[in-house]
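Here are my notes for a colleague who is opening this entry for the first time. Please keep the sequence and the 3D view at hand while reading.

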Amino acid sequence: MRALVPAQLQLDTFDGTCWLAIAPFHMSGIRARGLPAFPGVSAFPELNVRTYVRLDGKPGVFFFSLDAASMPAVRGARRLYHLPYFHARMSVTEEDGWIRYSSQRRDSSGEFRGRYRPIEPVQLREPGSLAHWLSERYCLYTVFRDRVYCGEIHHEQWPLQDAEWEVEANTMAHAAGISLPAVKPLLHFSRRLDVLIWPLSRVA
């Protein structure tokens, strides 16, 4: 993992172990402050691959990739947030309690197909637990032209449910140069979360 994360960022670990998250979801109601939502850029599927980092003791996330079904959103995020967004063919449907999710990058470099569902009631995870450590992150870091930038994020605590999945294809980690270990993944589901994000600021 160290070779894949910019040297300016410190790897953040839980009990000495790095973690990788593959997070498929659907965004809606996206808009700038004081502006209405615009068709084509206010609602679309997104899938990100991330790990966990620190800078000057402040925990955050670092994205290896972010796939989105909206080309305007991909172009805007690449320009404004210097994040590795990719345009993908994506679909999300729900049937009999299962969420079926499909994502295929336009350049065929990454794919995810499968379905998942919650299997336990909502639980707010306790500080110090692995689930809390993974989910309660309030900034993202990105490095552009050797300069580190931070985007502040605000949200309520994640209302997580334990989950299960059935995966038909998943090359998202491999596309980032990562080989996943042969261990059972930790799966969580959340029905909804409202999120605020601020513009990037350069970290001295």
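1. Surface. The protein chain exposes about 11900 Å². Carbon and sulfur atoms supply 53% of that area. Bear in mind that this is a predicted model.

2. Make-up and overall form. The protein chain has 3 helices and 13 strands. Its radius of gyration is 17 Å, close to the 17 Å that the globule rule gives for 204 residues, so the chain is as compact as a globular protein of that length. Along the principal axes, the C-alpha atoms fill a box of roughly 50 × 45 × 35 Å.

3. Burial and contacts. Of the 204 residues, 40% count as buried. Take the contacts between residues at least 6 apart in sequence: 60% of them join residues at least 24 apart.

4. Charge. There are 24 positive and 21 negative side chains in the protein chain. The centres of the two sets lie 9 Å apart.

5. Helix α1, the buried side. This helix covers residues 71–81. Its buried residues are A73, V74, A77 and Y81. Seen down the axis of α1, they fall within an arc of 100 degrees, so they line one face of the helix. An α-helix has 3.6 residues a turn, so residues three or four places apart point the same way.

6. Helix α1, its partners and its other side. What do the buried residues of α1 pack against? The answer is a set of strands: β3 (44–55), β4 (58–68), β5 (85–95), β8 (139–144) and β12 (195–197). On the other side of α1, R75 and R79 are exposed.

7. H82. This residue sits in the loop between α1 and β5. H82 counts as partly exposed, at 21% relative accessibility. The cut-off for buried is under 20%.

8. D15. Look next at the loop between β1 (10–11) and β2 (20–27), where D15 lies. D15 is not a glycine, yet it has a positive phi of about 55 degrees. Is D15 buried or exposed? D15 is exposed, with a relative accessible area of 71%.

9. D12. The loop between β1 and β2 also holds D12. D12 is buried, with a relative accessible area of 5%. Which residues does D12 touch, not counting those up to four places away in sequence? They are C18, Y52, V53, R54, P59, W133 and R137. As for V148, D12 is 136 residues from it in sequence and 16 Å from it in space, C-alpha to C-alpha.

10. S103. Strand β6 (residues 98–105) contains S103. At 0% relative accessibility, S103 counts as buried. Leaving aside neighbours within four places in sequence, its contacts are L47, D67, A88, R89, M90, G110, E111 and F112. One of these, R89, is 14 residues from S103 in sequence. Their C-alpha atoms are 5.7 Å apart.

11. Points to check in the view. Start with the face of α1 lined by its buried residues. Then find D15, exposed, and D12, buried, in the loop between β1 and β2. Finish at S103, which is buried in strand β6.

Note on methods: Residues are numbered from 1 along each chain as its sequence is written. This is a predicted model: local features need pLDDT of at least 70, side-chain atom pairs count only at pLDDT 80 or more; totals for chains, interfaces and linings use all residues. Side-chain values use heavy atoms; hydrogens and water are left out. Helices (H or I, at least four residues) and strands (E, at least two) are DSSP runs, numbered from the N terminus. The radius of gyration is taken over C-alpha atoms; the globule rule is 2.2 Å times the number of residues to the power 0.38. Buried means under 20% relative accessible area, exposed over 50%, partly exposed in between (1.4 Å probe, protein chains only). Contact means heavy atoms within 4.5 Å. Accessible areas come from the Shrake-Rupley method with a 1.4 Å probe; for residues, only the protein chains shown count as cover. Lys and Arg count as positive and Asp and Glu as negative; His and the chain ends are not counted. The place of a charge is taken as NZ of Lys, CZ of Arg, CG of Asp or CD of Glu. The arc is that of the directions from the helix axis to the C-beta atoms.
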